[in-house]
Number of protein chains: 2
Amino acid sequence: VLPVEIIKAKREGLEIPQKQLKDFVNSFVAGEIPQYQMAAFLMATYYSGMTDLETSQLTQIMIDSGKTVSFSRPHVCIDKHSTGGVGDKTSLILAPIAAACGVQVPMMSGRGLGHTGGTVDKLESIPGFNIEMNLKDFQNQVENLGLAMICQTDDICPADKMMYALRDVTGTVESLPLICASIMSKKIAEGIGGLVLDVKWGNGAFMKTIEEAKALRDGLESIAKEHSLMVSSLITNMNQPLGAFVGNSLEVFEAQAILAGTDCLGISKSQFEDCRTLSLELASLMVAQGKKITLDKAQKQTHEALESGAALKKWEELCHQQGGKLNELACAKKRIPVVAPADGFITAINCESLGYVAIELGAGRKALGDPINPTTGLILHHKLGAKIRKGDTVIELVTEEESEASVKAFERASQSFLVGPSQPDLAPLISDR
Amino acid sequence: VLPVEIIKAKREGLEIPQKQLKDFVNSFVAGEIPQYQMAAFLMATYYSGMTDLETSQLTQIMIDSGKTVSFSRPHVCIDKHSTGGVGDKTSLILAPIAAACGVQVPMMSGRGLGHTGGTVDKLESIPGFNIEMNLKDFQNQVENLGLAMICQTDDICPADKMMYALRDVTGTVESLPLICASIMSKKIAEGIGGLVLDVKWGNGAFMKTIEEAKALRDGLESIAKEHSLMVSSLITNMNQPLGAFVGNSLEVFEAQAILAGTDCLGISKSQFEDCRTLSLELASLMVAQGKKITLDKAQKQTHEALESGAALKKWEELCHQQGGKLNELACAKKRIPVVAPADGFITAINCESLGYVAIELGAGRKALGDPINPTTGLILHHKLGAKIRKGDTVIELVTEEESEASVKAFERASQSFLVGPSQPDLAPLISDR
């Protein structure tokens, strides 16, 4: 079967037989099928979709294209994946909680994408923190310490890596089966026994509606089941940043405050209660999976791990193990307030826009490979529905100095929330389990 | 605007602004945009289509990517384009007829594509016939002799050439706006003032239904009008080969017999009356355009040119001018009859299949660049609706010798027609003007 016939079959909406799909992808990885044929195939897939079977087979092909991790007790190895948001630092909190409860957490994460942040960038804001590790060391650390947090290595799912790079420049990122196969192949290659999904919807998420988020969850869960992976999912609200801090070291500060049960940089812990709640919920699902216990029991254990300081201790051990000097964690010194224009309630927040405010301040990248400033970002003093008075600080920009960029960020931040006369109806943090 | 944004806009079905489209195509031709981005754009266009305005602009961009011919009297320069069929040798007949009537015919043609034949291959079956000429010589011959028949030069529409080559290997040939822009750019670059379109429908055409053929015609005419080109179209029937001969030198023999008014290689001229009729109709439309006269008057002139021998003389002058030795024209010697399995009427012919029979015998290519045998092909002894008796020869295969290929061709040919008890209803040769 010629590559062009496979492209045409996909173009016509046909299901590609496993062997053909495998040959096509493997030949692409081997450089025998040119990028333009894969690009045409990806665009045809964008329009025609894939059946669940095809998506699952594509996932396996991607896994088989590289190395995989094998843990001695895979059934206790549980990871979490979030579909991306603003201020989402739950990984930094739930991984030590779950590990403190006896679950093993082999976490490979990515960098910021679009307006959303990435766990690897956050970890790197800790001076000295090493996010690169070979698979053997990764495996040892997970089995000895209970967790490791690194970036994806080159030998995991190279087919996904090559296809993703091509999707990025050919307008074919936004394809549900391709998104699902890309996410799940990397997670399955980690050698986990279970996965907790945090699928976000809202104006700060890639999926704008609950329905879209559910479709993505269904796609991801379908692959997980095909691959005999335990899976639990939450559909969660991303219509405002999670917690109070957005930016790399700022989010590490918040995560540590939650682990320590304290306020953070002058902000009351009540301002980031949502982040604490969601981290505990996700950690509980991980513990329930990894220890084969009820969610109820798992919730008791995660609360205990958090409140006893065991999770904080695990976090400090992780940082120590990976070279991170927590005592050198810093945030930028200049704070620029954005104030409420009137008395009233915060009725809407443009969460995606706040993601771009953080990027403007240097906390994220405008183009692949741009350097970032790990110490900048923003602080949300009030969350959706809060009653405020004219002149109250709603958002603080955290930056090194006033600059053209901070002026742009200020203007954008000023237009990123609405103040209205009455309290808005708010969607719950967790929409669906 | 980044290339990926243009791809995404097309993916979303938006109209691409002229300047963006121009930059995108020109950058591709210059090698600054990689093939994979053009491939994704082409597949997005396959699904999303183009507006008439975009298609017309793409046509102009393709024209501007190369050289164009400028005739001193462009309004008398008329060409014909057929969307491709089996046994379609009308170009060889109508070009000398139109030229004998005083129209200038600057004809650049292609080679066989899929199951269909190509004028350039037919001309090359005449020993010595030179189908390559530079644009200056081409222009001189058209203005002095009244016609020239060559293959497309490298400097005409290089953007189309590059995009077509990519479409061929990325499953994006079958896109109406891309087909229209590809055809029309080459024709307009020839420097013509008018164009006659022969848009074919039926089981031997690319468009299987009259409706599809009309949609293609409308797309082509829309571009012609945008470019101030006179245009006339026929929708014609391709549910059986046109005329009685399929194959390269065989078709030249038939064309010459029509020009000379004789039978051909033992076949009565009544068997290829359809080809004579259509050639005259198309030539008359060309003459009406080029001489600004009524179709009635043009028909009188073309019949006169054919019957007086003036058209045959023009053909012989053309061949002489381009080095073709008509006295050396030959066809293969071995004939293999395919006979009727029963008494009755020929109720259906699989015309595409007969195209592949000819390819099997060496008259066409299975893959780009394959050599062809100019002397092989087939002869249709009876046309659709003919009353026949069991054992009558319906098709003769013309080949060098019996071979594995001729056995395959025989089997395929045996299954390429149906004999039934009653005379079928036949669609007319010309469905729509």
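How much area do chain B and chain A bury between them, and what percentage of it lies on carbon and sulfur atoms? In this predicted model, chain B and chain A bury about 1,800 Å² between them, with 63% of that area on carbon and sulfur atoms. Three residues, Arg11(B), Tyr36(B) and Tyr47(B), account for 37% of the area that chain B buries against chain A, more than any other three residues.

## The contact between the chains

Chain B contributes 23 residues to the contact, and chain A contributes 23 residues. Between chain B and chain A there are 4 salt bridges. One of the residues named above, Arg11(B), forms a salt bridge with Glu174(A), and the closest N and O atoms of this pair are 2.8 Å apart. Polar contacts between chain B and chain A, counted with both residues at pLDDT 80 or more, amount to 14 residue pairs.

Which elements of chain B give two or more residues to the side that touches chain A? They are helix H1 (3–11), helix H3 (35–48) and helix H8 (158–170) of chain B. H3(B) provides the largest share of this side, with 10 residues. Sorted by class, the side of chain B that touches chain A comprises 11 nonpolar, 6 polar and 6 charged residues.

## The four-stranded sheet of chain A

Chain A contains an open sheet of 4 strands in the order E1-E4-E5-E13, and its pairing is mixed. Strand E1 (78–82) and strand E13 (430–432) of chain A each have a single partner strand and stand at the edges, so one side of each is left without a neighbour in the sheet. On average, neighbouring strands of this sheet are turned by 30° against each other, direction ignored.

Strands of a sheet pair through backbone hydrogen bonds, in either a parallel or an antiparallel arrangement. Strand E4 (residues 194–201) and strand E5 (residues 230–237) of chain A pair in the parallel sense over 8 bridges. Within this pairing, Leu195(A) has Val231(A) in E5(A) as its bridge partner. Helix H10 (residues 210–226) of chain A lies across E4, E5 and E13 of chain A and runs at about 170° to E5(A).

Over all chains, a search of the whole structure finds 57 salt bridges.

## The four-stranded sheet of chain B

In chain B, 4 strands form an open sheet with mixed pairing and the order E1-E4-E5-E13. Strand E1 (78–82) and strand E13 (430–432) of chain B are at the edges with a single partner strand each, so one side of each is left without a neighbour in the sheet. The twist from one strand to the next averages 30°.

Strand E4 (residues 194–201) and strand E5 (residues 230–237) of chain B are joined by 8 bridges in the parallel sense. Lys200(B) stands opposite Thr236(B) in E5(B). Helix H9 (residues 176–189) of chain B lies across E1 and E4 of chain B, at about 160° to E1(B). Helix H12 (residues 273–291) of chain B also packs on the sheet, where it touches E1, E4, E5 and E13 of chain B, and its direction makes about 155° with that of E4(B).

| Strand pair | Sense | Bridges |
|---|---|---|
| E4(A) and E5(A) | parallel | 8 bridges |
| E4(B) and E5(B) | parallel | 8 bridges |
| E8(A) and E10(A) | antiparallel | 2 bridges |
| E8(A) and E12(A) | antiparallel | 4 bridges |

Strand E8 of chain A covers residues 344–349, and strand E10 of chain A covers residues 387–388. Gly344(A) has Ile388(A) as its bridge partner in E10(A). Strand E12 of chain A spans residues 417–420, and in E12(A) the bridge partner of Ala348(A) is Leu418(A).

## Surroundings of Gln299(B)

Gln299(B) is located in helix H13 (residues 295–307) of chain B. Leaving aside residues up to four places away in sequence, Gln299(B) touches Glu281(B) and Ser284(B). The C-alpha atoms of Gln299(B) and Ile16(B) are separated by 44 Å, and the two residues are 283 residues apart along the chain.

Technical notes: Residues numbered from 1 in each chain as written. Chains lettered and ligands numbered in written order. Predicted model: local features only at pLDDT ≥ 70, side-chain atom pairs only at ≥ 80, totals over all residues. Heavy atoms only, no water. Contact = heavy atoms within 4.5 Å. Buried area = accessible area lost by both parts, 1.4 Å probe. Salt bridge = Lys/Arg side-chain N within 4 Å of Asp/Glu carboxyl O. Polar contact = N/O pair within 3.5 Å; in protein donor to acceptor, adjacent residues only side chain to side chain. Nonpolar A, V, L, I, M, F, W, Y, C, P; charged D, E, K, R; others polar. Pairing = 2+ DSSP bridges. Axes fitted to C-alpha atoms, helices over the stretch in contact; angles between N-to-C directions.
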